[in-house]
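Hi,

Here is the structure I promised to pass on. Have a look at it first, and my notes follow below.

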Amino acid sequence: MQHTDDSIPFISELLHDTNYQTAFYGKWHLGYSSQAFLPFNRGFDETLFFQSGAIGYRSHQDCTPWYWALKGIPIDPDLRNILQNKFIDGFCSYDLWDQHYQIASEDTHVYSEQLYTQNIFKYLDSVTKSDDPFFVYYAMQTPHWPLEEPPKTYAHCEENTHSDEERKVFCNALLYADEMIANIIGKLKANKLYENTVIIFLSDNGPNTNWGNKGFGQTLPLRGAKGSSFEGGIRTPAIVSGGFVEQHCENAGNEYNEMVHITDWFPMIKHLAGLDEEIEQVLHALTKKDKVQEEKQSGEDNEAGEQEEEANEDIDGIICGLLFATMIKHLAGLDEEIEEVLHDSQKKDKVQDEKQSGEDNEAGEQEEDVNNDIDGINLWSAICHNDDNFGALKRHNIMYFVMNDVEDANEGFGPSYIRTTEWKLTVNASMRYDGNRAYSYWVDYDNSFTPHPPKRLYQRMRADQQGVYDSDCYDAYLLQADGTENDNDVEYNVDVQGTDFEYDEIMLFRINEDKIEACNVAKYYPRVVEKLYNQLLSEEHLEEYTLFNIDNKMQSKQGALAQIESYDCSKKKAYHLSWNELEGYTEEEAAKDRSWNDIFYSYVDIVEDCYIKHKHKVFMSGTTSKKSNDTQQVLLFLLAISTSVLLMVFAKYFYSSSFNAARKFTAKDANGSEHTTDITPLLTSI
C-alpha cells in the first residue's frame, strides 16, 4: 500500500521530541503495510485510530466494495461473482486500534465520534495533571460514508429533510459531530486549559454528493466537488479559535480570505509551539539592527542602547510582526546574515553526521536541499493580525498535479491545477474513473447538476457572503442576456467573452474576478495558459513527483493474505493488519507465486470451513487453544449425531425448507432481475 515517506518528519514528531504530550484520534489513512507508518511510531503517545479510508461507525469494520477491492486485479469472472454474492458487504476487516496496536472496542459497537470524544476527555484529564503542553489531532470520521444514524437525532434535521431518510441521517451525523466538538471545547474550559489553547478546525477536501450513497454535501455556487480540482473540490473553510487566539490575535472574530494551503499549517503550528524561537530571537534582533546602528552613528547612543536591549526582551510582544518582514528579506536574498542563521538552524542530524565523517561535499549538497525543501509558509502573522504594516508573508500560488504513470509523463495527468492571485489553470480538473460527469459542473447534494452556474442561488449567496462568490464575468453575462431577467436557471444564447461554461481538458479562469469558475477564458489568453502550464509541469516538478510517489494502487498480495488468514470464525471477521512485521508476510516474494485466484478462493474456503465445521481460529496466533478444541469437538460430535437423526426423520421437510432458506438471499443483478444466491452472513449477522 502507498504511504507517506517516513523520512519526512510529521509535526507530531517535532512536538513529541520537545516536551509536548501528543495524541491522535480518528482516521489515519497514511499507509499501514508496516507499523513504522502508524501514528504511535510517528510522534503520538496516545492513539485510537483506523488505518483504512472508511469504516463503519459502529462495526468499526472496513468493508471495501468489491469494485474497488478487485480493481486492477486479474481474477476469474466466476470468482468475482462468488465474492460479490457471498460477501455482500465487501472485503471486510476490523480496523480500530490503540497505541499498543491492540484491537480497541471490538465488542462494544459504540458510535465512533462518541468513542473518540470519550477518549479525548480522558486524555485531557490526564494532561491537566501535567505542566507539559499537549497536542491533540482529532481526524473526525464524520461525514465520510458509510453513514449511520448517530446516538442522537435533531429536530432541525426532521424539519428540513422531509421524507429523505438518507439525507436525514447525514444531517444528524453532522450535528452530532458538531455537538462533540462543542463538548470538547467545554471540557477544555472545565479543565482550565482553554485560555492558552489554539483550536484549528479544517478539512481535507470538498464534499461528496449523493453519488453511490456516499454523502449529501454541496458547495454551490462553487464548481465541482470532491475528486475534482475545481474550487468545490479543493476550497474548504477553516476556523482558528481558542483562548490564545482571543487574547493575542487582533483579527479574532474576523475573516482571512487569502490563499492558504494545507502544508502551511506545519510551519504555523511549529511557530505557535515555539519551536523556531531561537531563530526568531536572532531575526528579531537583526530587524532592528540597521536602525539602531544608524541612530548610534547620529550620536543617539543612549537611546540606541535602550532599543537594542528592548530588541532582546520584547519577543513575546511584537515578534509576530517583525519576524515576517525579516523573512521576506531572507527569501529575497537581501540579508546574508539572516540567511546564514536560517541555514545553520535547519541542518539535519544526518548532515552533521556526514560532516563529522568527512563527507563534506555530500553534506553540503544535502544542506542546500534541506533549506530549499520547504513547502509550507508561516502565515500566522497575516491570519492573526491581518496587517501588512510589517510585511506579513502571504501565499501567492498553489500547485498540485497527479501523473497517471509516475514513470511516463506522456501518459497524461489526473486532476491538476496551478493557482496564482490572479489566475487558475486546471488540467483534467474532473478526470474521474467512475463516470460521474456531474463533478465537471455545478452539482447539488443529490448529484443533479447544471452546465452553468445556478442563477438564483448564486445571486443569493453572493449577497450573503460578499467577496466570497463574486464572478464579474457571470454578472456581465446575466446583464447582457437579452436584457431580461429570468427566474429559471436557463443558459442564455449570447456571445459574451468568458461565457463558455462547458468543461474542457485545459481551462483558465481569472480567479480573482471569477471565484465560481464560471468563465473559461483559455482561448483568449493562450500565452498565460502556456506560461502556467510550463510552470506547473516543469521538469523540476516532475522529478520531485517521481522521487516521492510510488504508483502502486493495487493491493499487495501478502497484505490481502494477512487479512484473509486473520479470519476469526467465532467472531465472523477478519482484521486490517500491518503485515511487514508478521512472520511469513514480510516479503512480497513469499506470495508472488500465488495467483490472485488462489488467494481469493482461499478466502472463500476459509469462511466456508468456519461456517460448515464451526472451527475456531485464534486471531493472529496460527494456533488453536486445546480447551476450545476439546469443547468444539464434543459439540461437533453431538451436532453430528442429532443432525443425522433429524435428517433421517425429517429429511424432506427440514433440509429443503429450513436449512436452505437460511442460506438463501435474493439479490438483483445489473439488469434489475431478481435471483437467489448462497451467502455467508458477516456484518448482516451482527
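Let me start with a lysine: K189 sits over the face of Y194, 4.8 Å from the ring centre. K424 does likewise with Y417, here at 5.1 Å from the ring centre. Before you read too much into any of these numbers, keep in mind that this is a predicted model.

How many residues of β10 are buried? Five of the five, so the strand is largely enclosed by the rest of the structure. As a reminder, side chains in a regular strand alternate between the two faces of the sheet. In β10 both faces are covered: S416, I418 and T420 are buried on one side, Y417 and R419 on the other. So the Y417 that has K424 over its face is itself a buried residue, counting as such at under 20% relative accessible area.

Now the aromatics. Searching the whole structure turns up 34 aromatic pairs. One of them is Y32 with W579, an edge-to-face pair at 5.5 Å centre to centre and 90° between the planes. What parts of the chain does the pair link? Y32 is in the loop between β1 (21-27) and β2 (46-50), while W579 is in the loop between α21 (557-564) and α22 (596-613), 547 residues apart. Y32 counts as buried because its relative accessibility is 9%, and W579 does so at 3%.

Y116 and Y138 also pair up: their ring centres are 5.9 Å apart and the planes are at 70°, so this one is edge-to-face. Y116 belongs to helix α4 (residues 112-128) and Y138 to strand β6 (residues 134-139), so the pair ties together parts 22 residues apart in sequence. Both Y116 and Y138 are buried. There is also an aromatic cluster made up of F10, F24, W28, F44, F135 and Y137.

Finally, the whole-chain numbers. There are 23 helices and 16 strands. Of the 686 residues, 42% count as buried. The chain exposes about 36,600 Å², with carbon and sulfur atoms supplying 49% of that. Taking contacts between residues at least 6 apart in sequence, 68% join residues at least 24 apart.

Cheers

Note on methods: Residues numbered from 1 in each chain as written. Predicted model: local features only at pLDDT ≥ 70, side-chain atom pairs only at ≥ 80, totals over all residues. Heavy atoms only, no water. Helix = DSSP H or I, 4+ residues; strand = E, 2+ residues; numbered from the N terminus. Buried < 20%, exposed > 50% of the residue type's maximum accessible area, 1.4 Å probe, protein only. Contact = heavy atoms within 4.5 Å. Areas by Shrake-Rupley, 256 points an atom, 1.4 Å probe, with all protein chains shown as cover. Phe/Tyr/Trp six-rings, centres within 6.5 Å; stacked < 30°, edge-to-face > 60°. Lys NZ or Arg CZ within 6 Å of the ring centre and 35° of its normal.
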